[in-house]
Amino acid sequence: MSGRLKQFFSQRGMRKLRQDKMAMGALFVIGCYLILALFVVAHLPSPEAVVMRVGPDNIPGVFGTQTAEKRLSDAEFRLEALQRAVRTNDPETSLAEFRMGDLRILAGTPKAVESRIEGGWKAFEAVAVYDDIEAEAVALELLENLESEVAALFSPPTGFTALASFLRLSLGTDRQGRSIALRAIYSTKVAVQIGMVAALISVLIGTLLGAAAGYFGGWVDHLVVWLYSIFSSIPWIVMLMVLASMFRGSRFDGGLIPVYAAFCMSFWISPCRVIRGEVMKLKELEYVQAASAIGFGHLRILLRHVIPNTAHLMFINFSLLFIGAIKAEVILSFLGLGVKDEPSWGVMINHAKAEVLNGFFWQIGAATAFMLVLVLAFNILSDALQDAFDPKHV
Amino acid sequence: MWSYTARRLLYNIPVYLGIVLLLMLALRVNDPANAFLGKNANPEDLLLIKERLGLDRPFLVQYFDLLKSVFSLDFGTYSWANEGITVGRMLRESVVPSLSITLPALILTSTVSITIALISAFFRGRRIDRALMVLAVVGMSVSFLVYIVFGQYFGAYLLTRETGYSFFAIGGYESGLANWPYYCLLPVLISSLVAMGYDTRFYRAVMVEESGRDYIVTATAKGASKRKVMFVHMLKNAMIPIITRIMTTLPFLIMGSLLLEVYFNIPGMGRVLYKAIQEQDFPVIQIFVAIFAGLFILSNILTDVLYALVDPRVRLS
Amino acid sequence: MFDLPQRTASEQPVLSVRHLSCSFKTDRGEVRAIDDVSFDLAAGETLGVVGESGCGKTVTSKSIMRLLPEHLSFLGRDSEVLFEGENIAFAPPERMREIRGRRIAMIFQEPMTSLNPVFRVGWQLCEALKYHTELDRAGRRARAIEMLQLVEMPEAERRIEEYPHQLSGGMRQRVMIAMALCCEPDVLIADEPTTALDVTIQAQILQLMENLKSKLGTAIMLITHDLGVVAQVCDRVLVMYAGRVIESGTVHEIFHTPQHPYTRALLDSIPKSGERAHKTRLPTIPGIVPSLFELPPGCRFQDRCPLAEDRCRDREPELLGELHGRRVRCHLPLAGGPR
Ligand SMILES: Nc1ncnc2c1ncn2[C@@H]1O[C@H](COP(=O)(O)OP(=O)(O)OP(=O)(O)O)[C@@H](O)[C@H]1O
Ligand SMILES: [Mg+2]
């Protein structure tokens, strides 16, 4: 098998692919996403980090200018958080353990901290009396005063921490004050996971069934064709709804298993079709005929001579189905049938519906951009694969 | 021709029987009555509701029952969630709203993307071709949902705010042709925009493939203009894959209009099914899915027949 | 060797090709499929073009009619295709439309794929008439039937209502010929019109073209693999090798005193029994044609040439001789050709 794969990669198609700059760029981008997903697995293993509040709701990202209102509520948010920490039964430890993102509080006794928080609140009230802060210079000055006062409560972030907290707010926050950047990055993992699993299983099932149908013909072929006629007659979204109701109340309810199941059930069809056709052609080839004349078993011929020669079709289909899965996930999340306990691009876009009506585009923009780049890369790669290996394909 | 059509019909019957079988099995994995009434339902209600739908009868009897009602188009079963309303009535009421989105979207998408594909193929390799194709790839890399969200924001919200006149509804539906543009045009436009990237690329590929054929050279050698060659010789040949494509986008459109219907609150078949699933309205789910699959198979048969109409090689064999 | 009919050609050429070269853009870079091809074709004359598969015969004829895909191919800058004195190598599309089908027509190599599968035969026959004549519908139909009868298509009236897939290969080729001839072109380019047909039909079709030539005075460029056919119907011969003209002259000259070793090898490998000669396909010569991507410096035939010496490997020979007379591209021509 490995020898055959090596042969595959040294083929003319592969050479053509390697010369294709766009395709190589796309591969690079896909690689970056994979690394990002691995990074998420290593450093953000649970979704908790991304459900945490990091600031007031709907603040725009770094590239937008903050309104005075948001700045004010940011200060308020920080003061409140500190106050909650001080007002616990054991302020010593809760202050020591206090983390706001990567910010930690400046050393000091609870008493001292509390008095400084009081000072902060005074400054806050001084600003809050103004209706329209931006219109009056005095108010703006007071606001700056407040901000420096609040900032003084925290030890200034340095090095990596500074970078991390910058990153955290770089794309703003959603309606619950959660970091959009973090959520978008975390969603990369979800997307890659769904894409990988769904595409891989579908291609495997499709290849096995398609190769068997094409190779053996007869009733096996009839059966497979009948099966894929059935499955392709139910739109996957409908299939998913049925599955969702099937899994309801079971152990898998709300998890990714129904999602995978629905995707695989409808995605295996296209690789199966293509590979069935290709195997029918391959079967007639001399060396396959020769192999069977020599008396090799069917299984061996299939695994060693037939299926490896459909590798290019498997790659093309994998790439196409990966796109399909990522895009389908978004639609599912919108219908409330997809990912539930984690953020995903679909969940983010779904949440952003209401924000868009208020003119806040950061969340939908971030999710769309993350998704666009990945899907675009896969689209370009699929095209290049098709060009290189299957130029006759329409 | 008629015997051909009849053969296609016959061929698809076992497929449909399989679909219904699978579907009914899948829907019975979780006891539907239990799911509908929740965990604390009292046993009498359960029995009652089961009896009413005949869920207590042997599976085969239920199977033939469902088949019978699909083939005779008689859906007298009552919905569980909506007291006193038959599934047949829900179906009748939701067909028109669904069609008023799906059909115009199908026509619009096909005409526009075939036109763009023709332009692209006509100027093959030139800058306009490349620009259109880049646009198509980018367009198909954006999620459906993003189109919907932004479509609603710009079309229904921003446009109204800026012009002071409401061109499109934010959502909802009212019957009547006069109301169509207000409620349905925006979803139709969005739906077409989404499908455009895929379709344009596909149609262009078909045309590029056809334009490399020998008979194209023959036509040129006879003195036909490039336009004649493309619009007469090539297009008629390209019709074969184009028809297949249009037909195979039907399920996509059903799904697409499901999303649009849910988002824009249009009481079409997709939304009815969606709500039925949320409410565990078993009779509705069962019949609607059976109908979706039936429609799909019908569209397949129609494809084959149209195919034969266009291609003399199929028709005459 | 053969019974060679003597024919005379009129003085003024209808078609003069000068320095025609054509390149393709491919994955592996540009490749020049034909290079510096020049020849004349006089009215009423038949020019045979011979050469091994892939030597550029079809590309030459399609270049003349500008039928190669625009985005993949281009003509060399100094190419000239003079049709009645007018250079059409870079003529605008409108001008080409007037010429194609009406003045220069072409019969293609593959009759099976060259007809449009979804239009009736009659419609396709009438198409050129629609573009180039004033005939009305009925007139075009009558003319189409007449043309089909001319090419001896059985049941012409019925056949024009049929689709190409209902016709046999020979019938399709007849349709192609009828299509090419229906506007009575001045030049007919026939690209292996008989390759796809069996021998008896081949003879019929050649006879047919012969008749048409004498009746209409059409100049014919006949591309073929079959040297027997060349001997039968051609006046002059152009021998091509790897995209180049390597020898040209009258049929008599080429067949009796071949000067290029390649031409010689071609002729030598024909079985000598005279009556079977017309069935002979282009014979095989040991060795292979060099790839257009890896042309050797020097003569393109050097690897297969029994006479090759050092200068053949260093420098490519010029095509020496007169354009209208004898030409050969060889450092060591046989039979005392120009050195
Ligand atoms: N579209 C194309 N792209 C690249 N190369 C081409 C193309 N068409 C033809 N060629 C090359 O041009 C050369 C000449 O081809 P051509 O078709 O003229 O051969 P031919 O003499 O007609 O052969 P045959 O007798 O087999 O018909 C070949 O080497 C071929 O590979
Ligand atoms: Mg040829």
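Biologist: Which residues come nearest to ligand 1?

Modeller: In this predicted model, the nearest are C:Ser53, C:Gly54, C:Thr58, C:Val59 and C:Gln109. They belong to a set of 14 residues around the ligand.

Biologist: What makes a residue count as near the molecule?

Modeller: One of its heavy atoms must lie within 4 Å of it. C:Ser53 and C:Gly54 are among the 14 residues around ligand 1.

Biologist: Why is the pair between C:Gln109 and ligand 1 called a polar contact?

Modeller: A polar side-chain atom of C:Gln109 lies 2.7 Å from an oxygen atom of ligand 1. The cut-off for a pair of N or O atoms is 3.5 Å, so the pair qualifies.

Biologist: How much of ligand 1 does the protein bury?

Modeller: The protein buries 68% of the 640 Å² that the ligand exposes when taken alone.

Biologist: Which elements supply at least two residues of the shell around ligand 1?

Modeller: Strand S1 (13-26) and helix H1 (57-65) of chain C. H1(C) gives the most, with 3 residues.

Biologist: How do the shell residues divide into nonpolar, polar and charged?

Modeller: There are 5 nonpolar, 7 polar and 2 charged residues.

Biologist: Let us turn to the cores. Which residues have the most contacts inside the largest nonpolar core?

Modeller: They are A:Phe263, A:Leu335, A:Trp345, B:Tyr16 and B:Leu273, in a core of 152 residues. Helix H19 (residues 362-389) of chain A supplies the largest share, 14 residues.

Biologist: What is A:Phe263 in contact with, leaving aside its neighbours within four places in sequence?

Modeller: Its partners are A:Ile194, A:Ala198, A:Ser202, A:Trp236, A:Ala325, A:Ala328, A:Glu329 and A:Leu332.

Biologist: Why is C:Val175 called buried?

Modeller: Its relative accessibility is 1%. Buried means under 20%, so C:Val175 qualifies. The residue lies in helix H6 (residues 169-181) of chain C. Beyond four places in sequence, C:Val175 touches C:Leu115, C:Val121, C:Leu125, C:Leu148, C:Met153 and C:Leu167.

Biologist: How many residues separate C:Val175 and C:Leu20 in sequence?

Modeller: They are 155 residues apart in sequence. In space the distance is 30 Å, C-alpha to C-alpha.

Biologist: What makes C:Thr263 a buried residue?

Modeller: Its relative accessibility is 2%, and the limit is under 20%, so C:Thr263 counts as buried. C:Thr263 sits in helix H10 (residues 261-268) of chain C.

Biologist: How do you know that the side chains of C:Thr263 and C:Glu247 make a polar contact?

Modeller: The pair is 2.6 Å apart. That falls within 3.5 Å, as the definition requires. C:Glu247 is also one of the residues that C:Thr263 touches, along with C:Val239, C:Ile246, C:Ile254 and C:Pro258, not counting residues up to four places away in sequence.

Biologist: Why is B:Asn265 called partly exposed?

Modeller: Its relative accessibility is 42%. Buried needs under 20% and exposed needs over 50%, so B:Asn265 falls in between. B:Asn265 is placed in the loop between helix H11 (250-263) and helix H12 (269-279) of chain B. Its phi is near 55°, a positive value in a residue other than glycine.

Biologist: Is C:Asp36 buried or exposed, or what lies in between?

Modeller: C:Asp36 is partly exposed, because its relative accessible area of 31% lies between the 20% and 50% limits. C:Asp36 belongs to strand S2 (residues 29-42) of chain C. Its phi is positive too, about 55°, although C:Asp36 is not a glycine.

Biologist: How many helices and strands does chain B have?

Modeller: Chain B has 14 helices and 0 strands. Of its 317 residues, 53% are buried. The C-alpha trace spans about 80 × 60 × 35 Å along its principal axes.

Technical notes: Residues numbered from 1 in each chain as written. Chains lettered and ligands numbered in written order. Predicted model: local features only at pLDDT ≥ 70, side-chain atom pairs only at ≥ 80, totals over all residues. Heavy atoms only, no water. Polar contact = N/O pair within 3.5 Å; in protein donor to acceptor, adjacent residues only side chain to side chain. Areas by Shrake-Rupley, 256 points an atom, 1.4 Å probe, with all protein chains shown as cover. Helix = DSSP H or I, 4+ residues; strand = E, 2+ residues; numbered from the N terminus. Nonpolar A, V, L, I, M, F, W, Y, C, P; charged D, E, K, R; others polar. Core = buried A, V, L, I, M, F, W, Y, C linked by side-chain atoms within 4.5 Å. Buried < 20%, exposed > 50% of the residue type's maximum accessible area, 1.4 Å probe, protein only. Contact = heavy atoms within 4.5 Å.
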